[in-house]
Amino acid sequence: MKFNLKYDVNFSKSEVNFLDVKIKLINGKLQTDVFTKATDAHFFLRFNSCHPKHSKIGLLKSQFLRIRRICSDNSIFKKRANEFKLYFQNRDYPLRDIEFAINFASATDRNSLLNKTNKIANDRVPCVVSYHPSITRLPSIIYKNYKNIIENSNLDYLQKAFPEPPMVAYKQPPNLKNKLIQTDIFKVKVKKQISTTNHKCNRSRCKLCPIFNESSNFTNCISKKSITIRNGGNCTTSNCIYAITCNDCKYVNIGQTGRMLSDRIAGHRSDIKLSKLGNEKAIETAEHFKNFNHSGFNVTLLDHNSNWNINDRLFFEDLYIAKLKSLSPNGMNNRHNDIVKYFYKAI
Ligand SMILES: [Zn+2]
Ligand SMILES: [Zn+2]
């Protein structure tokens, strides 16, 4: 990461800027003024923006009260108020609303603005809705119906729960800025493009490619059950459910793996080889190829999801065993997983 920080040292015996305040020393007295950086473009919320009217009026009011609070002299306040009047006019605020806010700030005693005000606690139950210009009548509708409901009902608990009408609070609806800008760079997730069809990986020495089934459907020829593969991948896909189909008798074995599919299939190959050499390993596929002396098979990727954990994979393995009816005698699978056991373990 390149650090491109620049520091400015400002030295003056007569004035200093701190946050949004410019403090000047004039004839032994301190005078305060509004300070804005030269780069500040004063891009306030546009008046035609899709926000509740009271938010825009509140912005005007708070800005002119801020100027009133900061400016120690009335003449400076008037000067700054006129500048901000132009900024707001540039953002299409009606002149009448701007002048109303200026007059309100002028009429407010500056000393009262310098005191800390305590907010009055509000116990009203909030009714939170996404803002839309067509629902501005909602507060009055709630108020009107609240009275009817409370007065005409004998429900004590309703009156206790809502001693006052619920207060409508607007939340921001989804907007382009939220969708396009991510404030926390570590949260940015690059979405992997999921191919919907199965395809060979075409790595030069991949041993799975020659027996990888690229069809978008899969059928258990014994049970005659078929599925459409919606979540395809390739030999390098991990966290997946797969089917091994015997080339000789078309019997199917459904399995799951968290590893790369090509690695898992290499494991099956090795088990079959060892089993045929007399090494007893109770693995369904190995047993089948040993007992029937069948040799070749092909592989189909049935489903995958990078967010799956072991329990999810066992669950989907069972699901595909059931969907395709690959339990013996219609396939090589000998049993369902005791999925409940796994879930309890996870808890
Ligand atoms: Zn491959
Ligand atoms: Zn077979």
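The legends describe a predicted model, in which local features need pLDDT of at least 70 and side-chain atom pairs count only at pLDDT 80 or more, while totals for chains, interfaces and linings use all residues. Residues are numbered from 1 along each chain as its sequence is written, and chains are lettered from A and ligands numbered from 1 in the order in which they are written.

**Figure 1. The whole protein, to get your bearings.** The secondary structure comes to 11 helices and 10 strands; helices (H or I, at least four residues) and strands (E, at least two) are DSSP runs, numbered from the N terminus. The radius of gyration is 36 Å, well over the 20 Å that the globule rule gives for 347 residues, so the protein is more spread out than a compact globule. Here the radius is taken over C-alpha atoms, and the rule is 2.2 Å times the number of residues to the power 0.38. Along the principal axes, the C-alpha atoms fill a box of roughly 105 × 70 × 35 Å. An automatic or database domain assignment supplies the domain bounds: domain 1 (15-114), domain 2 (128-171) and domain 3 (209-346). Between the C-alpha centres of domain 1 and domain 2 there are 36 Å.

**Figure 2. How confident is the prediction, and where is pLDDT below 50?** Confidence is given as pLDDT, the predictor's own value for each residue, from 0 to 100. The mean for the protein is 87, and 90% of its residues reach 70 or more. Residues 343-347 have a pLDDT below 50, and beyond near neighbours in sequence this stretch has two contacts in the model. A contact requires that the C-beta atoms of two residues, placed from the backbone, lie within 7 Å. Where pLDDT is low, the predicted coordinates should not be read in detail.

**Figure 3. Inside the largest nonpolar core.** Such a core is a set of buried Ala, Val, Leu, Ile, Met, Phe, Trp, Tyr and Cys residues joined through C-beta atoms within 7 Å. A residue is buried if 20 or more other C-beta atoms lie within 10 Å of its own, exposed if 12 or fewer, and partly exposed in between, with C-beta atoms placed from the backbone. Among the 25 core residues, those touching the most other members are Ile-241, Tyr-242, Ala-243, Ile-254, Leu-261, Leu-302 and Tyr-320. At least two core residues come from each of β8 (240-246), β9 (252-257), α8 (261-276), β10 (297-304) and α10 (310-324). The largest share, six residues, is supplied by β8. Leaving out residues up to four places away in sequence, Ile-241 touches partners including Ile-254, Leu-302, Phe-316 and Tyr-320.

**Figure 4. The hairpin of β8 and β9.** These strands pair in the antiparallel sense over six bridges, and Cys-240 stands opposite Thr-257 in β9. Five residues lie between the strands of the hairpin, where Lys-250 takes a positive phi near 65°. Strand β9 is mostly covered, with six of its six residues buried. In a regular strand the side chains alternate between the two faces of the sheet. From β9, Val-252, Ile-254 and Gln-256 point one way, while Asn-253, Gly-255 and Thr-257 point the other way, and all are buried.

**Figure 5. Asn-220, a residue of strand β6****.** Asn-220 counts as buried because it has 23 C-beta neighbours inside 10 Å. Setting aside neighbours within four places in sequence, its contacts include Val-252, Leu-324 and Asn-330. For a sense of distance, Ile-141 is 79 residues away along the chain, and its C-alpha atom is separated from that of Asn-220 by 60 Å.

Figure 6. Most residues other than glycine have a negative phi, and most peptide bonds are trans. Asn-27, not a glycine, has a positive phi of about 50°. Its place is in the loop between β2 (21-26) and β3 (29-34), and it counts as exposed because it has 5 C-beta neighbours inside 10 Å. Asn-202 has a positive phi of about 60° in the loop between α7 (176-180) and β6 (217-220). With 10 other C-beta atoms within 10 Å, Asn-202 is also exposed. Ser-328 and Pro-329 are joined by a cis peptide bond with omega about 10°, and Pro-329 is found in the loop between α10 and α11 (339-346).

Methods: Two strands pair if DSSP finds at least two bridges between them.
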